[in-house]
Amino acid sequence: MAFRAVVIGPARYAEDSGIDSHPSIGASAQMYGETLAADGMWGPDSCRVLGEDEVQTTDGVMRALQQAADETTPQDIFLVVYVGHGQYWSDLPGAQVHFSVGRSFRDKPWTWLSSWYVYRVMRKARARLKVLIADCCYSNLLPQLGEEPLLPGVLGELDEGTCVFTAVKNLNFADAAGCPSLPGDLAQCTPFSGHLLRILQNGTKDHNHQLTIGLLREAVKQEMERCPTARHQVPRMSLNDARDGTPLFTNHMEPARRDLAPRLPVAPEDWVRTLLLDRDDRLEELLKDAQKTGAVVALLNGAPDEASRHLAGYIDDRANSAFTEPRAFARYWNQVDRALRV
Ligand SMILES: [Zn+2]
């Protein structure tokens, strides 16, 4: 099994492009490379930070991405990190988020990289787990790819093992200046990447020795919510189909400083929190109780975010196979159905 990453971070744009150059973009991209190289699970050869010449054009980015994707095998983890500007034109056919490249111009959509191409390469890669971390404006709209009309071959047809983690930024180019509460070079990064990278470097208090994407997301969210110096937008997982709890990064916090392993959840709300952290090993426990499983699915169905509703669908599939006995299924469905009718 190999861990492979491609980091795309176009920091500089032409004077007359109408797009702001931000050193924080380049600093973040470099820091992803250094941080992954220093993580024992990844190592120095696992990550390719695209050079300044490569990030000039969509062709340069896509060639590098395609090459990395072609090298993946069915055991691999494939991570794509994009740091830069995002744009969204609702008047383009199948409007999609577009990523900037070095030669992009503000009002010329054809000079930008459609996220559809990035998704397509990722989807076709053989890796068993594919993760896109997007740190750009409009990244909250990335799931637009899955909305009607469904395009063939994008995340509308969910593939096992695909997830997207985004810095939610709905304001144009607002949040690129570094966060002063971050130590050392991390303060030169964009706030989302800076906080995320700090967690990759220092770890979290979670008892696990390794971090899943769910644990990482939760840690970044908590850290950004509590950040003393800035009011950040809260990142989110737009979509998580990587339900097997694959560990992605080393938890670098000393074991003595971490929390003890939590007990099994009791209330449905606690179950929701636990399962959203990719703790699928615990799902078996939940499935022993049909009524509670129903209550958890009902809560997730009612949540505003796609990740929760997607998880609801996943548990529902498992429940359908687990509760074949009619009375058990009735206990399950009664809870789900009641919530649907409210
Ligand atoms: Zn901050």
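Which residues are the protein donors of the zinc ion? They are C179 (SG), H195 (NE2), C227 (SG) and H232 (NE2), lying 2.0 to 2.3 Å from the zinc ion. Donors here are N, O and S atoms within 2.8 Å of the metal (3.2 Å for Na, K and Ca); water is not among the atoms, so sites may look incomplete.

This is a predicted model, in which local features need pLDDT of at least 70 and side-chain atom pairs count only at pLDDT 80 or more, while totals for chains, interfaces and linings use all residues. Residues are numbered from 1 along each chain as its sequence is written, and side-chain values use heavy atoms, with hydrogens and water left out.

**Zinc site**

The arrangement is tetrahedral because the 4 donor atoms around the zinc ion subtend angles of 102 to 116°. Four donors count as tetrahedral if all angles lie between 85 and 135 degrees. For four tetrahedral donors the ideal angle at a metal is 109.5 degrees. The spacing of the donor residues in sequence is C-x15-H-x31-C-x4-H. Helices (H or I, at least four residues) and strands (E, at least two) are DSSP runs, numbered from the N terminus. Both C179 and H232 are buried, a term for under 20% relative accessible area, with exposed over 50% and partly exposed in between (1.4 Å probe, protein chains only).

**Largest pocket**

The largest pocket holds about 1100 Å³ of space. A pocket is an open set of points on a 1 Å grid over the protein atoms alone, where a 1.4 Å probe fits, with protein on both sides within 12 Å along at least five of seven lines; lining residues have an atom within 4 Å of a point. The volume is the space filled by probe spheres set on the points.

Of the 41 lining residues, L215, E218, A219, Q222 and L277 lie nearest the centre of the largest pocket. The largest share of the lining, 8 residues, comes from α5. At least two lining residues are supplied by each of α4, α5, β10, α6 (268-275) and α9 (306-322). Domain 1 (3-255) and domain 2 (268-341) each give at least three residues to this lining; the domain bounds come from an automatic or database domain assignment. By residue class, the lining has 17 nonpolar, 7 polar and 17 charged residues. Ala, Val, Leu, Ile, Met, Phe, Trp, Tyr, Cys and Pro count as nonpolar, Asp, Glu, Lys and Arg as charged, and the others, Gly among them, as polar.

**Buried residues and their partners in space**

L186 is located in the loop between β8 and α4, and its relative accessibility of 4% makes L186 buried. V55 is in the loop between β2 (47-49) and α2 (58-70) and counts as buried at 5% relative accessibility. L211 belongs to strand β9 (residues 210-211) and is buried, with a relative accessible area of 0%. Y13 sits in the loop between β1 (3-8) and α1 (23-38) and counts as buried at 8% relative accessibility.

| Pair | Separation in sequence | C-alpha to C-alpha distance |
|---|---|---|
| L186 and R198 | 12 residues | 7.1 Å |
| V55 and G102 | 47 residues | 5.8 Å |
| L211 and L200 | 11 residues | 8.7 Å |
| Y13 and S104 | 91 residues | 7.2 Å |

How values were computed
Four donors count as tetrahedral if all angles lie between 85 and 135 degrees; four count as square planar and six as octahedral if opposite donors are over 155 degrees apart and all others between 65 and 115; anything else is irregular.
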